[in-house]
Amino acid sequence: MALRGVSCRLQAGEVLALLGHNGAGKSTLIKILAGVYRADGGEVRIGGEPLAGGVTASRAAGLAVIYQDLSLFPNLSVAENIAGDLAGRFGYSPAAARQHAATALRRLGMEEAADHWLELRLGDLPIAVQQQVAIARALARQARILILDEPTASLSVEETERLLQLVRQLAGQGYGIIFVSHRMAEVRSIADRFLVLRDGAVSLDGSAGACSDADLAHALFGEHAEKAADRSTATAAASGPVVLDVKGCSRAGEFDDITLQLHSGEVAVLTGLVGSGRSEFAQSLFGLRRFDRGEVRLAGKPLSAAHPRAALRSGLAYVPEDRLKEGLFPRFSVGANLASAILDRLARWGLLPQTTASATRLIEQHGIRCAGARAPLSSLSGGNQQKVLLAKWQNADPQVLLLDEPTAGVDVGAKAEIHERVRAWAAGNKAVLAISSDVDEVLDLADRVLVFHHGRLVFDHPRSGLTREQLVETMLTGAAPHQGAQA
């Protein structure tokens, strides 16, 4: 049973943080509230009135869900996205759409957008702005309750703070907010109350001020809380010889004169604000882009990264940020996805052998929760899809693994498991270069921290002694910390 007797209350002006690991029942609860699923029992009331079944009834009652994929139309204008289905008494009216959209944007404090952005194509705007457009659309439909599903997963540090300020503003205006996130620091900064689900039931429902970190850990993990805490403080094996040696690498307009070394047994985490050049650098290492100049050696030999296939043959693998668009095949089975990185090794005379046994072994090794190797990838939760992506590339047995946002959009339990697998991988005489915009993840996962700022590597130092405040300051200003760790 996906949910078991879940009860909760949300007051006007309150921010309720909905927490729980993948499979805990969060998505099921949200879909019941949104009218996508019909509950087997119980009832939902909004403003004291029973909620009838169906999406239309839920919207009419004033509830709106802003999903992680936003469900917008990138080829339409901002105004059309916000109010296209509301405008006009006798059909669509562009003037009425603009008026509805402008009113909603001004309620969010987006005066510039209301005055100048209404006709812009939505897909040309940053993801942070698109997210605000999705919220404005909900307000235009007279929503009183907003459910934000992982709203900061694709945002930079600055964009995240602006969104959190907006949520506080909306709560201050009397809206009820259900905020779903796996980032505990931001949840702590914004929530009035916590609702934690575990195995389909409520394991904690209480005031944020009255809940300690230990309370949350026990509610999330139960008897495994202590083990989870141990994982979060685990350290990797001591680093060994240099396996990746980068000297003076540049790409015009993206990054300049990057020099660094990666050691066997080491997990280095590269961070920086969006646009700092971090992902572009990793993509250039793997051959998805080209260096203008510089030299890269892998295990002492020049790296041939003119093409991803050449980089992979040299012992380098890249796990992209967008798992469904760039890393996996949603319509294929789990087993097919796990084998997809080594098809050239498996094929004999143009035919592929049966891979179920090897896929089953990988599923067990990586703790992938699924119905088996033949289960469709689309049936898995986000955290388990991410485990498949990681297992797929580790199956190729590279010497160096590049991970771009390895735990984006996964819950705290899956994040801890992925971190554990990454550390174990590095400890086996391998090396990992991860990219993360999550400050807490950087500090938890890294043996060494690298910071990009405006395309330059401005900080390269062991994790030990580096505080959260120092790291954020370096990301924002490009200046090395004044106290503690020094570059």
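Mentor: Start with a definition: buried means under 20% relative accessible area, exposed means over 50%, and partly exposed lies in between (1.4 Å probe, protein chains only). This is a predicted model, where local features need pLDDT of at least 70 and side-chain atom pairs count only at pLDDT 80 or more, while totals for chains, interfaces and linings use all residues. Residues are numbered from 1 along each chain as its sequence is written, and side-chain values use heavy atoms, leaving out hydrogens and water.

Trainee: Why is Cys211 called buried?

Mentor: Its relative accessible area is 9%. The cut-off is under 20%, so Cys211 counts as buried.

Trainee: What class does Cys370 fall into, buried or partly exposed?

Mentor: Partly exposed, because its relative accessibility is 27%.

Trainee: What makes Asp257 stand out in its backbone angles?

Mentor: Asp257 has a positive phi of about 55 degrees, yet it is not a glycine. Asp257 sits in strand β10. Its relative accessible area is 42%, so Asp257 is partly exposed.

Trainee: Where is Glu405, and is that residue buried or exposed?

Mentor: Glu405 is in the loop between β15 (400-404) and α18 (412-427). Its relative accessibility is 5%, so Glu405 counts as buried. Phi of Glu405 is also positive, near 50 degrees, in a residue other than glycine.

Trainee: What counts as a helix or a strand here?

Mentor: Both are DSSP runs, numbered from the N terminus: helices are H or I with at least four residues, strands are E with at least two.

Trainee: How do you know that β9 and β10 pair?

Mentor: Two strands pair if DSSP finds at least two bridges between them. Six bridges join β9 to β10, so they pair. They run antiparallel, and Leu244 stands opposite Leu262 in β10. In their hairpin, three residues lie between the strands, and Gly253 takes a positive phi near 80 degrees.

Trainee: What makes β12 and β13 partners?

Mentor: Two bridges join β12 (residues 293-298) to β13. At least two are needed, so they pair. Arg297 stands opposite Pro302 in β13.

Trainee: What is the order of the strands in the open sheet?

Mentor: The order is β10-β9-β12-β13, with antiparallel pairing. β10 (255-263) and β13 (301-302) stand at the edges, because each has a single partner strand.

Trainee: Why is α17 called roughly parallel to α18?

Mentor: Helix α17 (residues 382-394) and α18 pack at about 10 degrees, with axes 10 Å apart. That makes them roughly parallel, because angles under 35 degrees count as roughly parallel, over 145 as roughly antiparallel, 65 to 115 as roughly perpendicular and the rest as oblique. The axes are lines fitted to C-alpha atoms, for helices over the stretch in contact, and angles run from 0 to 180 degrees between N-to-C directions.

Trainee: Which residues make the contact?

Mentor: Contact means heavy atoms within 4.5 Å. Among the residues involved are Leu390 of α17 and Trp425 of α18.

Trainee: Which residues of α4 are buried, and what do they pack against?

Mentor: They are Ala96, Ala97, Ala101, Ala102, Ala104 and Leu105. They pack against α3 (78-83), α5 (111-116) and α6 (127-140). Just after α4, Gly109 takes a positive phi of about 80 degrees.
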